[in-house]
Protein chains: 2
Amino acid sequence: MGRHSDSARERIIDVAEQVVIELGAGHLTFDAVAAKSGVSRGGLLYHFPNKESLLKAMLDRHIERSTESRMKKRSELPEGVEREIVAHVLSGLERDVRRQRVGAAAFFALAAHDPGLLAPLKEQYRKLMDQLTRNGLRFERAAVIALATDGLRLAEVLSMSPFDKEERSRIVAELMALAKENKRAK
Amino acid sequence: MGRHSDSARERIIDVAEQVVIELGAGHLTFDAVAAKSGVSRGGLLYHFPNKESLLKAMLDRHIERSTESRMKKRSELPEGVEREIVAHVLSGLERDVRRQRVGAAAFFALAAHDPGLLAPLKEQYRKLMDQLTRNGLRFERAAVIALATDGLRLAEVLSMSPFDKEERSRIVAELMALAKENKRAK
DNA sequence: GTCTATATCAAGATAGAC
DNA sequence: GTCTATCTTGATATAGAC
C-alpha cells in the first residue's frame with residue numbers, strides 16, 4: 001500500500017459504504033457503486049476482481065477503524081485494571097450508528113456469502129481478549145462485558161434494540177460497574 | 001393455520017433449513033429448495049409468493065422453537081429470582097449449533113434484504129426482558145447477561161468464537177454467578 | 001393445490017479497445 | 001488504469017395446464 005492508486009480504491013470503498021447506508025446491504029451491487037462513483041463496472045473490477053474482495057476490503061476498513069476508535073478512547077482514560085475494557089465498551093457503543101451499520105453490513109453480506117470469510121475475525125477477537133485481560137482483569141469478566149457490548153451494538157445496528165435511552169444508560173453503567181467491581185474483588 | 005396444507009408448508013420450510021445448513025444462507029434459492037423437496041418452483045410459489053415470505057416463515061419458526069426451548073429449560077429449573085435468566089442462558093447456548101445456525105441464517109438474509117423486517121424481534125426482545133425481570137432480577141443485570149448470551153451465540157453461529165471449551169465453560173459459569181450474585185446483593 | 005413453461009431482469013464476470 | 005460491450009447464470013415472477 002501507499003501507491004497513489006490507493007486513492008481510487010479508497011474512494012470506491014467510500015461509495016460502497018454510502019450505498020450500504022442508503023440502500024441496505026442487499027442492494028450493494030457493482031452497478032450501484034458504478035453509478036454513484038462515476039467509475040464504470042469495468043473500472044471497479046480492476047480494483048476489486050469480484051464482490052467478495054470488495055466486501056473483504058470493507059470489512060478490513062471497519063476493523064481498522066474500530067481499533068483506532070478504541071485506541072483513541074483508551075488514550076483518554078486513566079490507567080487501571082479496567083482501562084482496556086472500558087475503552088472497548090465506550091468505543092463499541094459510540095453513537096455513530098451509521099458508521100457501525102456499514103461494518104455490520106459488510107459483515108452480514110460476508111456471512112451470507114460464505115461464513116468462512118469471517119475467520120479473520122476470530123483471530124481479531126482473540127487478540128482483543130488478550131488486550132482486555134492484560135492488566136489483570138479476570139478473563140471471564142472481560143469476556144462477559146465484551147460480549148454484552150457486542151450484543152447490544154448488534155441489536156442497535158439492526159434497529160432491534162428494545163431499550164430506550166434511559167435503559168441504555170443503565171446498561172452501560174452496569175457494564176462499567178462490573179468492570180470496576182472486579183477490580184475490588186481481586 | 002390448522003389446515004392439512006400446513007404440512008406442505010412445514011415440509012418446505014424443513015427443506016429450506018436443510019439448504020441453509022448445507023449450502024449457507026447465500027445459496028438459499030427457490031431452485032435449490034425445489035430440487036431438494038421434489039416440489040417444483042411453481043409449487044413453492046403457491047405457498048410462498050416470494051423469498052421474503054419464506055424467510056419470514058423461517059424466522060417465525062425459529063422464534064417459536066427458541067421460546068419452546070427456553071420454556072422447557074425453565075420447567076427443569078427450581079423457582080427463584082434467577083430462574084428465567086438461567087433458562088435463557090442455557091437454552092440460548094445449547095450445543096445444537098446446527099439448529100441455531102438456521103435461525104441465524106434467516107436472520108442475516110432478512111437483515112441484508114430489508115432490515116425493517118426484523119422489527120418484530122424488537123417486540124420479542126422487549127417481552128423477553130419483561131419475563132427475565134418478573135421475579136425481581138434487576139433490569140440492568142438481566143440485560144447484560146442476556147446480551148452477553150446472545151453475543152456469544154452469534155459468535156459461535158458464525159464460527160468466529162475464539163473461545164475453547166474450557167474458556168466457554170468459565171464464561172457460562174460467570175454468567176450464572178452474575179445471575180445469583182444479584183440475588184444476594186438484593 | 002400443484003405442475004410446466006416461459007418471461008424478465010439483474011448481477012457477476014470476461015475480453016479486449018483505448 | 002479505465003472504459004464499452006457482451007456473456008452467463010440464476011433468481012423472481014407470471015400464465016395457464018393438469
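Two copies of a chain are related by a rotation about an axis and a shift along it. The structure considered here is a predicted model.

**Relation of the two chains**

**The single chain**

Chain A contains 9 helices and 0 strands. Its order along the sequence is accordingly written α-α-α-α-α-α-α-α-α. Taken along the principal axes, the C-alpha atoms of chain A fill a box of roughly 60 × 35 × 30 Å. Of the 186 residues in chain A, 37% are buried. Among contacts in chain A between residues at least 6 apart in sequence, 64% join residues at least 24 apart.

The domain assignment divides chain A into domain 1 (1-49) and domain 2 (59-185). The C-alpha centres of domain 1 of chain A and domain 2 of chain A are 28 Å apart. Their contact involves 6 residues from domain 1 of chain A and 7 residues from domain 2 of chain A. On the side of domain 1 of chain A that touches domain 2 of chain A, there are 5 nonpolar residues, no polar residues and 1 charged residue.

**The contact between the chains**

Where the chains meet, 36 residues of chain B and 37 residues of chain A take part. On the side of chain B that touches chain A, at least two residues each come from α6 (97-113), α7 (119-133), α8 (139-157) and α9 (165-185) of chain B. The largest share of that side, 11 residues, is supplied by α8(B). By class, the side of chain B that touches chain A comprises 23 nonpolar, 5 polar and 8 charged residues. Because 100% of the interface residues of chain B are also interface residues in chain A, the copies meet through the same surface.

**The surfaces near the DNA**

Which residues are the closest to DNA strand D? They are A:G42, A:G43, A:Y46, B:T29 and B:N50, among 17 residues that surround DNA strand D. Two or more residues of this surface come from each of α3 (41-47) of chain A, α2 (30-37) of chain B and α3 (41-47) of chain B. The largest share of the surface near DNA strand D, 5 residues, comes from α3(A).

DNA strand C is likewise surrounded by 17 residues, and the closest are A:N50, B:V39, B:S40, B:G42 and B:G43. The elements that give two or more residues to the surface near DNA strand C are α2 (30-37) and α3 of chain A, together with α1 (5-23) and α3 of chain B. Here the largest share, 4 residues, comes from α3(B).

The table sets out the two surfaces by residue class.

| Surface | Nonpolar | Polar | Charged |
|---|---|---|---|
| Near DNA strand D | 5 nonpolar residues | 8 polar residues | 4 charged residues |
| Near DNA strand C | 6 nonpolar residues | 7 polar residues | 4 charged residues |

Note on methods
Residues numbered from 1 in each chain as written. Chains lettered and ligands numbered in written order. Predicted model: local features only at pLDDT ≥ 70, side-chain atom pairs only at ≥ 80, totals over all residues. Domains from an automatic or database assignment. Contact = placed C-beta atoms within 7 Å. Nonpolar A, V, L, I, M, F, W, Y, C, P; charged D, E, K, R; others polar. Near = placed C-beta within 6 Å. Buried ≥ 20, exposed ≤ 12 C-beta atoms within 10 Å, placed from the backbone.
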